[in-house]
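Colleague: Can you walk me through this model? I'd like to start with the overall make-up and then go to a few local spots.

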Amino acid sequence: MLLSSFLELMLGVTLMALWRLNPRHEHVRLWGRSAVLLGMGLALGVGLAPVVGPGPWLDLLAGLAAAAVMSSLYLLMKGSALYRRRPWSGRFWGSLLIAMSLAIAALALQHKPWGVAFAGAVLCLGNLRCAVWIGWTPRLAERVMALLFVASAAVHASGPLLHPLSQSAFTHASGLIVQTLLCLTLIIVAAAGAQREASDQALRFTRLAEHSLQGLAVMREHRLLYANPAALQMFGFPSLAQAQHSDVLQELVLPEQAEASQSRHARVLADPEARIEWEGPRLTQDGRLLYLRGLSSQLVWDGAPAELIVMLDDTARHEALEALRRQALFDELTGLPNRNHAVETLGRLTAAGTPLLLLSADVDRFQLINETLGPEFGDRLLHALGQRLLEHMQQYGQPASVSRLGEDQFLVLVEGLELAEQAESLAHRLLEAIRQPLRLDEQELTVHLSVGLALSPRDGCDAATLLRAAESAMHRAKQIPGSAHALFDPTLDRRASSMLQAEQLLNKAVREREFQLVYQPKFRCGSRRLSGFEALVRWQRPDGQRISPADFIPAAERTGQILQLGELIIDIALQQLQRWHAQGQVLPVAINVSPVQFTQPRFAEHLLERLAQTGLPRGLLEIEITESAAMTQLDEVLRQLEQLGAAGVPCAMDDFGTGQSSLTMLRKLPIRTLKLDRSMVEPLPRPEAAAIVEATCALGRSLNLEIVAEGVETEEQADALERLGATHLQGYLLGRPLEPAAATTLLQASGKDSPRHSPALH
């Protein structure tokens, strides 16, 4: 019996050792403790009983043995229930077994065989309960375990039947065999369960790795041990075997990244707790560039530390960020750095105290090129000019950069120059290089530049000051005919002088009526018949120089001379309308009104008085206001437009789409016409642009407005606008701005016939 008890103890210890390998299997630990307690109970109650004579010590051993056996039964039942995931109430079964133990002790005090018989019955029923919980399953080991529980129940029942004190040799021998087999079966079941779970877990992780969108790779000494399909696809390998034949460090890691990769690999192999995040470029098998984000940590692989790399292909996001960064810092048209980039570079160099030269170069009369040859040609010209500037500066000995500040203005930054003589010599050579004709589309064009020079630290020690100095010098150079350069003169306030000169020139020009109007025709959609004109002001100086409205209109508004200029424009337009009206030719003419004119409280009254003096129908003169003017002077504009509208003078909102007008404002304003800005027309017929134009036309129709599209330059744009709901077309496709005589000829011809593409329109 002592040998049997010792064997039971050893089997219980084996089960607990198995449990330590996988602590999640709680039933294995319970079975192990049950076997240990059963061995102790058998040793105390049966094995040592013959050694200890009758008396208190025997009673104590019997009580301890009974407690150990009942505890063993409790743990055996709980382990079986947990193994089969049966409901288990520890309070119920614990209370029941404690009651059974007390009953056994009470019966044993009265008559020992009674206690032994009752204990055998309890053990028999407990093992039968375990057999029922285990059940008859497809697994052989579990069926054997259920049968052994039944056999164990039979052994416990046979003890009192064969001997009053359960000391039958048959009971002991069969109990030893059954308990040994049961413990061995429990060990086998526990080991099989652990192996099955380990296999399932390995399969789960394998499937996770195989189906993961993240790349997983295991490396040791920069040799590939494993890579999942995502990693193989990421680097362009058809199979793991082919990937393992490559030298990862030499073939996939860029030379400048090799040292960092080796250092990270060494750190991971040396530290089991290392978790290193990294990102950077890598190469695919066919040489394509990737941008990866990864996490490196240690993994034991085939008994030795290895580097586990979790990778995410971040190429798309990285390229998008680079595109945004390039968009923020580079000019889309020329590919040169833009104003932001130039200011950033200039700020960094001036902060470091680096001597440098700044050249601000502006194309002379670029607006004329745009108007004459078209904006597309102007864009190609700017691109070619930027490339020539860049090529010339790359041949220069000092570090230099070329940027485009906007429209037709470029900025050249040269490091290491601080003498005025050096600066002027460089500017002279630059202008000589630019003076060579540019050839575009079988056409040669000579470009003239006005270049302003500023030196740091002489003319400023920060980016803003140097830029102002260079632009001031550039405006001074523009006053010199042809290509010219000028060095910033810090003693001269160029801004005040330039404004004074502009005021004097404008004042004289208005007084001497140097301004004239040209008339750009408007055509009705569908029929393409002439429906009116827009009067555009031009300034032709006595010396033959033509000054762009983009230059003199802002100057006139800044100086307040726009009021006199506006009156002159109205006079010229009304005189032309009178001549046409006298000839029996009546189509409306639109004139632009500056926001400054609406600040005059009696502007509308004065205009109506002038119309009354001419005797013209009030519907022949249309007033155009810009969207920004309506927004900034809404109350005053609204009052005066209502006065004009009530008197029969039609009003239009010009440049719609460039400001921030609201639907409420459009509803309030008494306008008859909405003019789409050329920025809305130029992208047509692209779908996204068409959607915006169609929505705007629908809005105009709902408000009973005429829709005039400006800047129509292609037949595709015209067809799209007619399809989307515009009512009138205006632009170079159908008619450029015409001198009064040409406009009169067109007006006369329109009364007879207006074909879709009459030569008179161009």
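Colleague: How many helices and strands are there in the protein chain?

Modeller: The protein chain has 29 helices and 21 strands. Both are DSSP runs numbered from the N terminus, helices being H or I with at least four residues and strands being E with at least two. This is a predicted model, where local features need pLDDT of at least 70, side-chain atom pairs count only at pLDDT 80 or more, and totals for chains, interfaces and linings use all residues. Residues are numbered from 1 along each chain as its sequence is written, and side-chain values use heavy atoms, with hydrogens and water left out.

Colleague: What share of the residues counts as buried?

Modeller: Of the 762 residues, 46% count as buried. Buried means under 20% relative accessible area, exposed means over 50%, and partly exposed is in between, with a 1.4 Å probe and protein chains only.

Colleague: What about contacts between residues at least 6 apart in sequence?

Modeller: Of those contacts, 65% join residues at least 24 apart. A contact means heavy atoms within 4.5 Å.

Colleague: Backbone next. Which peptide bonds are cis?

Modeller: The bond from Ser456 to Pro457 is cis, with omega near 15 degrees. Pro457 sits in the loop between β11 (449-456) and α17 (463-478). The bond from Leu684 to Pro685 is also cis, with omega near 5 degrees, and Pro685 lies in the loop between α26 (678-681) and α27 (687-702).

Colleague: Which residues have a positive phi although they are not glycine?

Modeller: Arg85 has a phi of about 55 degrees, and Arg365 also has a phi of about 55 degrees. Most residues other than glycine have a negative phi, and most peptide bonds are trans.

Colleague: Where are those two arginines, and are they buried or exposed?

Modeller: Arg85 is in the loop between α3 (56-83) and α4 (90-110), and counts as exposed because its relative accessibility is 76%. Arg365 is in the loop between β6 (356-363) and α14 (366-373), and its 49% relative accessibility makes it partly exposed.

Colleague: Switching to charges. How many salt bridges does the structure hold?

Modeller: It holds 23. A salt bridge is a side-chain nitrogen of Lys or Arg within 4 Å of a carboxyl oxygen of Asp or Glu. One of them pairs Lys522 with Glu622, the closest N and O atoms being 3.4 Å apart. This pair links distant parts of the chain, with Lys522 in strand β13 (residues 515-524) and Glu622 in strand β17 (residues 621-626), 100 residues apart.

Colleague: Is that pair buried or exposed?

Modeller: Lys522 is buried, at a relative accessible area of 6%, and Glu622 is buried too, at 7%.

Colleague: What does Arg602 form a salt bridge with?

Modeller: Its partner is Glu605, with the closest N and O atoms 3.1 Å apart. Arg602 is partly exposed at 46% relative accessibility, and Glu605 is partly exposed at 31%.

Colleague: What meets Glu713 in a salt bridge?

Modeller: Arg678 does, at 3.9 Å from N to O. Glu713 is in the loop between β20 (706-709) and α28, while Arg678 is in helix α26, 35 residues apart. Relative accessible area is 32% for Glu713, so that residue is partly exposed.

Colleague: Last one: where is Gln717, and what does Gln717 touch?

Modeller: Gln717 is in helix α28 (residues 715-724), and is buried because its relative accessible area is 6%. Not counting residues up to four places away in sequence, Gln717 touches Val681, Glu682, Leu684, Gly711 and Val712.
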